Amino acid sequence: MYKKVYAKFQKDSIEREKFFPYMGEILGVFDEDLILELLRDCGLWIEESGDRLELGTLQKDIKDGVFCFVDIETTGSKPNHSSIIEIGAIKYHGGEIIDTFETLVFSQSVPENITELTGIDAGMLADAPSEREVLQRFRKFLGNSVFVAHNVVFDYGFISDRLLRYNEPYLLNPRLCTVELARRGILSARYSLGHLNAFLGIGIDKQHRALSDAFICLKVFEIAQLTLPNHVQNIQGLIEYTRGKKL
């Protein structure tokens, strides 16, 4: 759904009279106000301008945007057969951290290899809130900010798929990948979060825990921004820039 909606906007605004019938067919809802409410509740940043609609990321300069750096720890790589055991997120605006989100998530069991990697075991999760509750709280925290992660396809997709499991709508937030951003502006032998943490001198000792990894992601973002071309000014331009060819 994200790809369909995003493709409809592309890099320009769209006429209301074309947009609402199109979205009505997808959502099964034809009331314009309700369509906008549903999309915004899913994180899609839409701005109205007369008889046209456009992505809010086209209007906002990077310095004025709200970015949410996200990392999750899971019991496996496939959301159909695995679950989230920790979420960490950092909201960032104007060069400053403005809020954080961190919680363990209940799971009856944790594979041994995941415990070895993260230090999280089932005993630590026994009294943690349910995955559904955490996802609802996280979505409220995220709002319509830009979802940023290192390999964003995994974190964004995993969270969205787990939301669907609970009959919650898919995420529609704008998204940005710091792996791709780093590849465009930082010359490095590797682009894993652990390698960049050491290579760039970020110096976070505690890795493979959600909030710590989200913070490393934020620092990679800050460093990569120093190399942005002058023509990359707004948020949508930054998102498109990360989708270009690597150095």
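**Sheet and cysteines**

Modeller: An open sheet of mixed pairing is formed by five strands, in the order 6-5-4-7-8. Strands (E, at least two residues) and helices (H or I, at least four) are DSSP runs numbered from the N terminus, and two strands pair if DSSP finds at least two bridges between them. This is a predicted model: local features need pLDDT of at least 70, side-chain atom pairs count only at pLDDT 80 or more, and totals for chains, interfaces and linings use all residues. Residues are numbered from 1 along each chain as its sequence is written, and side-chain values use heavy atoms, with hydrogens and water left out.

Colleague: Which strands stand at the edges?

Modeller: Strand 6 (96-104) and strand 8 (175-177); each has a single partner strand, so one side of each lacks a neighbour in the sheet.

Colleague: In what sense do strand 5 and strand 6 pair?

Modeller: Strand 5 (residues 84-93) pairs with strand 6 in the antiparallel sense, over eight bridges. Within strand 6, I97 is the bridge partner of Y92.

Colleague: Is C68 buried or exposed?

Modeller: C68 is buried, with a relative accessible area of 0%; buried means under 20%, exposed over 50% and partly exposed in between (1.4 Å probe, protein chains only). C217 is also buried, at 1%.
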